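Hello,

Here is the structure I promised to pass on. Please open it alongside this note, and then read on for what was found.

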Amino acid sequence: MPSTKKENQVTNLDAVVIGAGFSGLYMLYRLREAGLSTRAYEAAGGVGGVWYWNRYPGARCDSESIYYNYTFSEELYKEWSWTSRYPEQPEILRYLNFVADKFDLRKDIQFQTRIQSAHYDESSNRWNIRTEDGESISATYFITGVGCISTANIPNMKGLDNFKGDWYHTGHWPHEKVDFTGKRVGIIGTGSSGVQAIPVIAKEAAHLTVFQRTPQYTVPARNHPHTKEYIQQAKENFHEIKKTIRASLGGLPTPPSDRSALEDSPEVRQQVFEEAWKEGGPAILFSYADLLTNEDANETVSVFIRSKIREIVEDPETAEKLSPTYYYGTKRAIIDTDYFETYNRPNVSLVDVKKAPIQEITAQGIRTADAEYELDVIVFATGYDGMTGSLFKMDIRGKDDVSLKDKWENGSATSTYLGIATAGFPNMFMITGPESPSVLGNMPVAIEQHVEWVMDCIQYLRKHDIAAIEANADAEQAWSKHCRELADTTLYTKTESWYTGANIAGKARGFQIYVGGYGPYRDHCTEIAAKGYEGFSFITTANTVV
Ligand code: NAP
């Protein structure tokens, strides 16, 4: 077959960045500022990453706006004003578009282009990258900014093709408004996405049926508009905010308490939790130091939230079904607006699909083990193939033609050095990759740290005439072991969640996140760089390893 013109062309670049969300935009900016020829490739039609795709009703951020943004540019921070404590998706997407415009990033982003493969060529120390439509790119540095939770999990349910109504996944929501007026809607999933979407859809739909597998702890967000004075004050405190969140454990300025929940009397504890509940947001999670490490401490907060559910939900049977039993906070701690209150509406019903599992999607709706529910619309709020899903979607091959998926044994042997690099894949950098702190905090702070570390590293390589950098296998094993050992000191590993891969049928289990906190992790990465990139090997331009 004659090849197309595109197939014959090879674009030569210093660096390729995958994605144009928070990570990709900043990485592109820094590389370009440093004078490297760079292009970002993005499957979507615009910038934004998860904020481009997650247009579902109620989608909003769960970190406070004045901290959920870039802090690399004081000018940028001062030019943008957030309207509320927890802004909605359209506002966050506007922000990222504003960033792209301000720094004129769009001219170096190729939209609607999905990267199919990236293969490392040892003879040239370059990455050969191919897009799905056949374009070839050769680059020295291959940098993924694909997000930790961007590959949608649509459970393989029998009969979905037969459904006569419309169905959507929250992570791939249409650009046009989906009108639920007068419709019988079913929603599967009660994670962050479901908890945000349920109250909003319930207000519009004729009837909303929630298909719940695991009930969730969630606490009120207490969202509110920001005053001009508050925003002005944040801008004046820019340097302090930047310094504090970068040194913090989770990218937010309020330090968690240093007290054990078990140090206080039940009366004092009740008061602490009540105040945190009133404050909303992450306050309750931060109210004691050991909620995520001590089973008894965790039980105190879990009991408190269950009591709130019983207070809010009028029907005791529904309240019981909504009451979780896992360790609070070991699935992503959710904040909500009127979630439990929504179950008091006459047009909302709750189905426990753990008790009576979904058996199939029929032409008319959903059939569980004990009933059939007629529906016009089904919403899948069923989450993502987290951490490795988006990396595995590309055919990434390192030295000796070994694929990343094979090296990591489909996820069961995922191992990285610092969550940024992996042995056998020289000059590949993962922004917020597995075994970095990433999703256990306020993501933009984690992203900026990685981008800045990667940029410094690339500058070092160029300055010292080093062709490639590669993580050493022993340093990687030690880092993975350290991550697992730290995780095992917490309750995270005792709960089935997307953090552990348990949400995807057949996915290997493992907790691939560094739990030691953003600040300590940043210090460690800085130290590794200061020691001349300890734990990495260099390949010189003469192709010798040093
Ligand atoms: P999620 O937390 O993984 O929740 C998915 C939900 O779908 C769970 O309730 C899960 O039940 C259920 N589910 C999955 N497969 C199912 C099946 N086959 N049958 C029945 N139920 C099924 O996903 P998410 O809500 O999209 O959130 C993912 C992450 O994205 C969050 O943890 C957060 O980090 C991020 N996020 C953040 C925001 C925000 O900033 N506010 C908003 C949305 C998402 P099980 O619990 O039993 O597995």
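**The two hairpins**

E14 and E15 form a hairpin, with three residues between the two strands. Another hairpin links E13 to E14, also through three residues. Helices (H or I, at least four residues) and strands (E, at least two) are DSSP runs, numbered from the N terminus.

Before going further, some ground rules. This is a predicted model, in which local features need pLDDT of at least 70 and side-chain atom pairs count only at pLDDT 80 or more, while totals for chains, interfaces and linings use all residues. Residues are numbered from 1 along each chain as its sequence is written, and side-chain values use heavy atoms, with hydrogens and water left out.

Two strands pair if DSSP finds at least two bridges between them. E13 (residues 358-361) and E14 (residues 365-368) pair over three bridges, in the antiparallel sense. Ile-358 has Thr-368 as its bridge partner in E14. Ile-361 has Ile-366. Three bridges also join E14 to E15 (residues 372-374), again antiparallel. Here Arg-367 stands opposite Glu-372.

**The five-stranded sheet**

Now the other sheet. It is open, has five strands in the order E7-E16-E8-E9-E12, and its pairing is parallel. The edge strands are E7 (166-169) and E12 (348-352), each pairing on one side only. The twist averages 20° from one strand to the next.

Which strands does E16 pair with? E7 is joined to E16 (residues 377-380) by four bridges, and the two run parallel. E8 and E16 also pair in the parallel sense, over four bridges. Val-377 in E16 has Asp-166 opposite it, and Val-185 stands opposite Val-377 too. Trp-167 stands opposite Ile-378.

Is E16 covered or uncovered on its faces? Both faces are covered. Val-377 and Val-379 lie on one side, Ile-378 and Phe-380 on the other, and all are buried. Buried means under 20% relative accessible area, exposed over 50%, and partly exposed in between (1.4 Å probe, protein chains only).

**Helix H6**

H6 lies across E8 (184-188), E9 (207-212), E12 and E16. H6 runs at about 170° to E8. Axes are lines fitted to C-alpha atoms, for helices over the stretch in contact, and angles run from 0 to 180 degrees between N-to-C directions.

H6 (residues 192-204) has a kink of about 30° at Ile-198, shortly before the proline Pro-199. The bend at a residue is the angle between axes fitted to the seven residues ending there and the seven starting there. Ile-198 and Pro-199 are among the buried residues of H6, which also include Ser-193, Gly-194 and Ile-201.

**Two helix pairs**

H9 (residues 266-279) packs against H10 (residues 295-312) at an angle of about 60°, with the axes 11 Å apart. That makes H9 oblique to H10. Angles under 35 degrees count as roughly parallel, over 145 as roughly antiparallel, 65 to 115 as roughly perpendicular and the rest as oblique. The crossing of H9 and H10 is right-handed. A crossing is right-handed if the near helix is turned clockwise from the far one by less than a right angle, and left-handed if anticlockwise. Contact means heavy atoms within 4.5 Å. The H9 residues that meet H10 include Phe-273 and Trp-277, and those on the H10 side include Phe-304 and Ile-305.

H2 (residues 22-33) and H15 (residues 443-463) pack at about 30°, with their axes 10 Å apart. That makes H2 roughly parallel to H15. Their crossing is right-handed as well. Among the contact residues are Phe-22, Tyr-26 and Met-27 of H2, and Ile-447, Val-451 and Met-455 of H15.

Last, Ala-505. It lies in the loop between H16 (473-487) and H17 (518-530). Is Ala-505 buried or exposed? Ala-505 is exposed, with a relative accessible area of 79%. The C-alpha atoms of Ala-505 and His-524 are separated by 35 Å, and these residues are 19 apart along the chain.

Best wishes
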